[in-house]
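Me: I would like to go through this structure by asking about its parts one by one. Please show the sequence and the model before we start.

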Amino acid sequence: INLLRALSLEREILLLDEPTAHLDKVTEARVVEFLTEILKGRTAVIVSHREALQSLCSRRYVMERQVLGHGEEAF
């Protein structure tokens, strides 16, 4: 419900913090498919440890040992 509420506000930038947390793989895949369509042309910052969400991202940052790095290149 919170995800739909955030998307309905039509903000310029969306912050999605663990949008697929606690979902099973099938439901997570459906949410990722939905987000793929709904986020076209929008800016979103997605905070997550779930790999399924990586397909939505044009950039990836990784936090390791309290250091933020850009993608795989950082470490």
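Me: Is Val 47 buried, partly exposed or exposed?
Reply: The relative accessible area of Val 47 is 40%. Buried means under 20%, exposed means over 50%, and what lies in between is partly exposed (1.4 Å probe, protein chains only). Val 47 therefore counts as partly exposed.

Me: What kind of model is this?
Reply: Residues are numbered from 1 along each chain as its sequence is written, and side-chain values use heavy atoms, with hydrogens and water left out. Local features need pLDDT of at least 70 and side-chain atom pairs count only at pLDDT 80 or more, while totals for chains, interfaces and linings use all residues, since this is a predicted model.

Me: Which residues make the nonpolar surface patch?
Reply: A patch takes residues with over 30% relative accessible area and no salt bridge, joining like charges within 9 Å and nonpolar side chains (Val, Leu, Ile, Met, Phe, Trp, Tyr) within 5 Å. Accessible areas come from the Shrake-Rupley method with a 1.4 Å probe, and for residues only the protein chains shown count as cover. Strands E1 (13-17) and E2 each supply at least two residues of the nonpolar patch, and Val 47 lies in E2. The patch, about 370 Å², is made by Ile 13, Leu 15, Val 45 and Val 47.

Me: How many salt bridges does the whole structure have?
Reply: A salt bridge is a side-chain nitrogen of Lys or Arg within 4 Å of a carboxyl oxygen of Asp or Glu. Glu 37 pairs with Lys 40 at 3.3 Å, and both of these residues are exposed. Arg 65 pairs with Glu 64, also at 3.3 Å from N to O. With the pair of Glu 28 and Arg 50, the search of the whole structure gives 3.

Me: Which element gives the largest share of the lining of the largest pocket?
Reply: On a 1 Å grid over the protein atoms alone, a pocket is an open set of points where a 1.4 Å probe fits, with protein on both sides within 12 Å along at least five of seven lines, and lining residues have an atom within 4 Å of a point. Grid points are joined across faces, edges and corners, and the volume is the space filled by probe spheres set on the points; here it is about 800 Å³. Of the 22 lining residues, the closest to the centre are Ile 46, Cys 57, Arg 59, Arg 60 and Tyr 61. The largest share, 5 residues, comes from E2.

Note on methods
Helices (H or I, at least four residues) and strands (E, at least two) are DSSP runs, numbered from the N terminus.
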